[in-house]
Amino acid sequence: MVQFQKMSRYIMQQDLVQPHLSVHEAMRIAADLKLGSELTKKQKLTLVDEIIEMLLLVKAKNTKTSRLSGGERKRLSIALELINNPPVIFLDEPTTGLDDLSSSQCISLLKMLAQGGRTVICSVHTPSAKLFAMFDHVYVVAAGQCVFQGSGADIVPFLYTVGIECPTHYNPADFVIEVSSGEYGDFLEKMVAAVDNGHCYCWSQRYTGSASHCKIEANDPTEDDHKLDFSSSCWQQIRTLTCRMLLQMYRDRSYLYLQGLMYLFLIFIIGSLYYNMGFDGAKQLYNFGFCYTCIIVFLYLPMLPVLLHFPSEVQLLKREHFNRWYSLRAYFCALSIAKLPLQIFIGTVYVCSVYWISNQPLELARLCQFLVICLLIGFVSENLGLTISSRLDIVNSIFIGPVLSVPLMLFAVYGMGAGTTSIPIYMRVLMCLSYLRFGFEGLMYAVYGNDRSMMPCPPEEIYCHFRSPKTLLLETGMENSNIWVAVLALTAYMIFFKAMSYFLLRWRLSRHRDFAALNYVGRIIKTHFNFTQQHK
């Protein structure tokens with residue numbers, strides 16, 4: 001079965017193509033992933049141009065995939081899988097959503113591919129008589145049983161043998177569906193018995209087959225990625241996928257502008273609220289709120305875009321991974337690498353801006369500690385978003401993400417001022433489960449720890465209780481906070497959520513059901529090829 005999956009490709013009903021890329025770019029990247037080092041760059045470009053010309057996509061060569069028509073998107077989906085010339089192609093209702101002209105062009109293209117030596121298998125919903133006549137072999141299923149298999153031209157004579165006559169000028173495809181549905185009486189059992197539930201080949205005499213013989217063997221369906229070898233190395237896959245993701249991020253200007261404006265808006269709001277409070281001994285409780293605000297910013301802003309975007313990305317991943325473009329490990333590494341530059345850049349701009357506006361201690365060591373903790377909180381939040389959206393759809397992800405954030409925020413500040421001895425043990429355990437707690441302690445240490453000197457108070461203030469940094473740390477229960485503990489804890493949470501999202505994705509991409517379906521279809525193909533070989 002593994003061998004069969006290597007030689008087959010599956011094209012979904014929904015035409016999922018990578019956004020923000022042109023047709024030629026999508027084809028070239030697919031060639032890099034699927035061909036690896038088998039061909040030179042010049043040979044790959046030549047192959048890409050040949051396939052684009054064969055599938056009538058020359059005029060749309062430089063068009064973004066989001067601007068393609070339905071027929072062009074379908075042809076592009078087929079073209080992407082033709083890069084490494086698979087002998088078997090599965091298509092799920094390729095004509096759905098297309099007009100008559102586009103449907104005719106699509107089936108004609110598939111007919112041409114089959115005549116070129118490939119086996120093309122597709123499910124079609126109510127085809128017209130013109131489209132139906134293009135198929136070499138038809139397999140009709142009703143109520144989970146085979147009611148006919150053989151040449152499409154033999155459906156009318158077959159129905160006559162079971163006691164029902166197709167009206168003149170009536171589409172045989174529509175008529176056999178109506179008969180199978182019981183609209184003309186109960187003929188289902190007769191039809192199943194006439195073809196022995198798919199084991200009788202008396203109506204397959206016209207089918208000579210246009211594809212080469214393929215050997216299909218059953219195997220263990222729980223194969224790992226490393227057992228399904230890829231044409232390109234893991235490093236080539238990571239490099240190509242990283243370049244593709246970075247290019248797509250750069251092309252998605254609306255998202256970049258929106259994210260930039262959001263951070264600028266937050267810099268203005270938070271800078272205005274906490275302006276010049278960092279060195280005022282009378283306003284350190286407000287400055288305490290500044291640190292808490294920073295962890296909330298780096299909780300939501302990195303997580304929410306992932307919850308919105310990644311569920312749809314998983315659908316593309318399912319198609320490309322199932323068709324063996326790349327391994328899940330390579331995709332996950334590329335995803336982690338591609339997200340780093342933007343998050344580090346925009347996070348650094350935000351932290352440096354609000355740190356300076358709020359007049360926090362201008363010491364390089366403290367600024368670096370504050371920045372590292374904020375970035376780590378952002379990385380953990382992003383991976384938490386990946387963990388949620390790896391399993392759920394967009395609606396459920398957007399609901400679960402903010403709901404889970406509430407206890408994280410509560411436990412981050414729970415018990416502050418009450419003293420650790422007065423907090424129940426089970427609550428202390430729950431507090432440790434909130435990574436925001438460790439992040440908050442890290443920020444407080446960066447601002448107030450490491451023997452920071454006394455802060456000045458305004459002349460009008462008679463008594464400044466929190467002018468001593470140690471006093472604030474003591475009364476908030478953070479006198480024992482340590483920057484390295486915070487860094488290690490946040491790193492551990494980041495690794496944990498990253499591993500969780502990887503294994504959830506791997507579970508979601510599990511091929512148990514896909515292998516079962518392919519195994520069933522594989523047995524059908526093997527039977528037909530054996531029959532063809534015997535009657536040549």
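Trainee: Let's start with a cysteine. Is Cys-291 buried or exposed?
Mentor: Cys-291 is buried, with a relative accessible area of 0%. Keep in mind that this is a predicted model.

Trainee: And what about Cys-146, buried or exposed?
Mentor: Cys-146 is buried, at a relative accessible area of 2%.

Trainee: OK, zoom out. What is the secondary structure?
Mentor: The protein has 20 helices and five strands.

Trainee: How many of the residues count as buried?
Mentor: 50% of the 536 residues.

Trainee: What about contacts along the sequence?
Mentor: Take contacts between residues at least 6 apart in sequence. Of those, 79% join residues at least 24 apart.

Trainee: Now the helices. How do α14 and α17 pack?
Mentor: Helix α14 covers residues 364–389 and helix α17 covers residues 435–448. They pack at an angle of about 170°, and their axes are 8 Å apart. The angle is over 145 degrees, so α14 and α17 are roughly antiparallel to each other.

Trainee: Which residues make the contact?
Mentor: From α14, they include Phe-370, Ile-373, Ile-377 and Leu-384. From α17, they include Leu-436, Gly-439, Leu-443 and Tyr-448. By class, this contact has 13 nonpolar, four polar and one charged residues.

Trainee: Where does Met-500 lie?
Mentor: In helix α19, residues 483–508. Met-500 is partly exposed, with a relative accessible area of 35%.

Trainee: How far is Met-500 from Ser-390, and what is the gap in sequence?
Mentor: They are 110 residues apart in sequence. In space, they are 9.2 Å apart, C-alpha to C-alpha.

Trainee: Last topic, confidence. What is the average pLDDT?
Mentor: The protein averages 83, and 87% of the residues score at least 70.

Trainee: Which elements have the lowest and highest mean pLDDT?
Mentor: Helix α20, residues 512–534, has the lowest, at 49. Helix α14 has the highest, at 95.

Trainee: Where is the pLDDT below 50?
Mentor: Residues 207–227 are one such stretch. Beyond near neighbours in sequence, that stretch has 46 contacts in the model. Residues 512–516 are also below 50, and there the count is six contacts. Where pLDDT is low, the predicted coordinates should not be read in detail.

Conventions:
Residues are numbered from 1 along each chain as its sequence is written. This is a predicted model: local features need pLDDT of at least 70, side-chain atom pairs count only at pLDDT 80 or more; totals for chains, interfaces and linings use all residues. Side-chain values use heavy atoms; hydrogens and water are left out. Axes are lines fitted to C-alpha atoms, for helices over the stretch in contact, and angles run from 0 to 180 degrees between N-to-C directions. Helices (H or I, at least four residues) and strands (E, at least two) are DSSP runs, numbered from the N terminus. Angles under 35 degrees count as roughly parallel, over 145 as roughly antiparallel, 65 to 115 as roughly perpendicular and the rest as oblique. Contact means heavy atoms within 4.5 Å. Ala, Val, Leu, Ile, Met, Phe, Trp, Tyr, Cys and Pro count as nonpolar, Asp, Glu, Lys and Arg as charged, and the others, Gly among them, as polar. pLDDT is the predictor's confidence in each residue, from 0 to 100. Buried means under 20% relative accessible area, exposed over 50%, partly exposed in between (1.4 Å probe, protein chains only).
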